[in-house]
Amino acid sequence: MAQGIWIFAQHKTGSLSNVTYELLAAAKKLAEAKSSEISAVLFGAGMDDAAADLFKYGADKVIYYDSPELEQFRDDAYANLLADLVKKHEPEILLGSATFYGKALFPRLAALLETGLAADCNGLAVREDGTLVATKPAFGGNVWLTVTFSEQRPQIATLRPKVMPEAEKDDSRSGEAEKPEVPSDLVQSKINVKENVGGGEGSINLTEADIIVAGGRGLKAPENFKLIEELAGALNGAVGASRAVVDADWIEYSHQVGQTGKTVNPKLYIACGISGAIQHLVGMQSSGTIVAVNRDKDAPIFKVANYGIVGDLFEIVPALTEKFRAELK
Ligand SMILES: Cc1cc2nc3c(=O)[nH]c(=O)nc-3n(C[C@H](O)[C@H](O)[C@H](O)COP(=O)(O)OP(=O)(O)OC[C@H]3O[C@@H](n4cnc5c(N)ncnc54)[C@H](O)[C@@H]3O)c2cc1C
């Protein structure tokens with residue numbers, strides 16, 4: 001019988017990502033309701049320290065594959081390995097993060113296991129009968145879906161980054177880690193990663209950022225993106241963008257927020273010169289506080305904004321930057 005709650009731990013060159021701590025917090029809530037154990041699964045190279053950390057943040061067991069072959073994320077190999085572990089251990093629930101990696105990995109995994117996937121969820125709970133129930137927005141956030149699972153196990157769900165507080169560290173916790181040999185037939189991949197291109201020195205990961213300042217076509221020209229970068233810098237935030245400016249080559253795709261870009265969930269999202277097309281809104285409307293700067297008082301972005309500033313961004317954005325620099329010095 002399937003039992004236990006698993007999380008798939010994400011890391012960056014051996015340091016656990018914030019989303020992993022969020023998953024452990026989500027798993028803890030479910031584990032308490034079900035009186036189950038939490039196991040964390042981790043793939044990578046040089047993973048001993050990260051595996052030990054997983055115990056400190058709430059894992060009862062850790063299973064990890066540690067091999068230079070797994071240094072780079074490759075969704076086909078990772079999915080094959082994870083599917084194999086799931087078949088051997090039969091967890092009841094498997095949680096991952098709806099990050100770039102999770103969005104590539106989990107649909108593949110669900111297909112391999114012939115089970116369902118509740119993707120990009122905002123909430124997870126267990127029903128009286130112990131089964132998982134996930135909630136997620138759909139149709140541009142106009143409706144909320146409650147997702148339950150049929151007979152197949154595991155019940156797989158991916159959680160949006162930043163919808164859960166991170167698990168707290170307890171240095172006294174430890175446990176027994178399993179570090180099996182990597183099955184060589186399953187690690188084969190059709191993907192050859194040549195280079196990992198980061199977001200540039202000092203840049204902040206959009207999906208993990210607490211503050212995002214985003215720019216759109218209202219900026220008029222690529223060189224004006226520096227206004228957005230300056231405001232983001234003053235707030236120690238990340239830079240986001242609409243698709244219009246990414247398509248125009250004003251900024252790299254990794255900054256794009258929305259349906260075909262990233263889903264973000266910061267505490268504060270400042271949209272400057274962005275009209276608020278539905279494809280942009282689906283990627284940012286669950287942000288804690290939304291501030292919009294637009295000279296068109298009827299721009300749709302104001303429908304989701306908590307604070308709206310109607311005016312010229314070329315006056316307002318530098319004024320905000322100056323004010324925040326002075327206040328946050
Ligand atoms: C399948 C599909 C997927 C898509 N995916 C995405 C996605 O992931 N992300 C995304 O963003 N879009 C996406 N889009 C595109 C989306 O429909 C919009 O075209 C896009 O979001 C518009 O970008 P924008 O708001 O920057 O530009 P515009 O719609 O042109 O808006 C510019 C805004 O700037 C304001 N403005 C102009 N000058 C000033 C000024 N001086 N001061 C203040 N305000 C000013 C204007 O009033 C206007 O509201 C997608 C579209 C499709 C069809």
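Colleague: How many Å separate the centres of domain 1 and domain 2, taken over C-alpha atoms? After that, please take a close look at helix 9.

Modeller: Happy to! This is a predicted model, in which local features need pLDDT of at least 70 and side-chain atom pairs count only at pLDDT 80 or more, while totals for chains, interfaces and linings use all residues. Numbering starts from 1 along each chain, as its sequence is written.

To your first point: the C-alpha centres of domain 1 and domain 2 lie 31 Å apart. Where they touch, domain 1 contributes 11 residues and domain 2 contributes 9 residues (contact means C-beta atoms, placed from the backbone, within 7 Å). Domain 1 covers 5–178 and domain 2 covers 206–327, with bounds from an automatic or database domain assignment.

Now to helix 9, residues 313–327. Helices here are DSSP runs of H or I with at least four residues, strands are runs of E with at least two, and both are numbered from the N terminus. Helix 9 has 15 residues and reaches 20 Å from its first C-alpha to its last, close to the 21 Å expected (1.5 Å times one less than the number of residues).

Leu313, Val317, Leu320 and Thr321 are the buried residues of helix 9; buried means 20 or more other C-beta atoms within 10 Å of a residue's own, exposed means 12 or fewer, and partly exposed is in between, with C-beta atoms placed from the backbone. These four cover an arc of only 100° around the axis, so they sit on the same side of helix 9 (the arc is that of the directions from the helix axis to the C-beta atoms). An α-helix has 3.6 residues a turn, so residues three or four places apart point the same way. Glu315, Lys323 and Ala326 are exposed on the other side of helix 9.

What do the buried residues of helix 9 pack against? Their partners are helix 5, strand 15 and strand 16. Seen from helix 5 (residues 225–234), the buried residues are Leu227, Ile228, Leu231, Ala232 and Ala234. They fall within an arc of 160° and therefore line one face of helix 5. Their cover includes helix 9, along with strand 13, strand 14 and strand 15.

Finally, the ligand: 28 residues surround it, the closest being Gly216, Gly218, Arg243, Ala244 and Gly258 (C-beta atom, placed from the backbone, within 6 Å). Helix 9 gives two or more residues to this shell, as do helix 6, helix 7 and strand 16.

Key:
Two residues are in contact if their C-beta atoms, placed from the backbone, lie within 7 Å.
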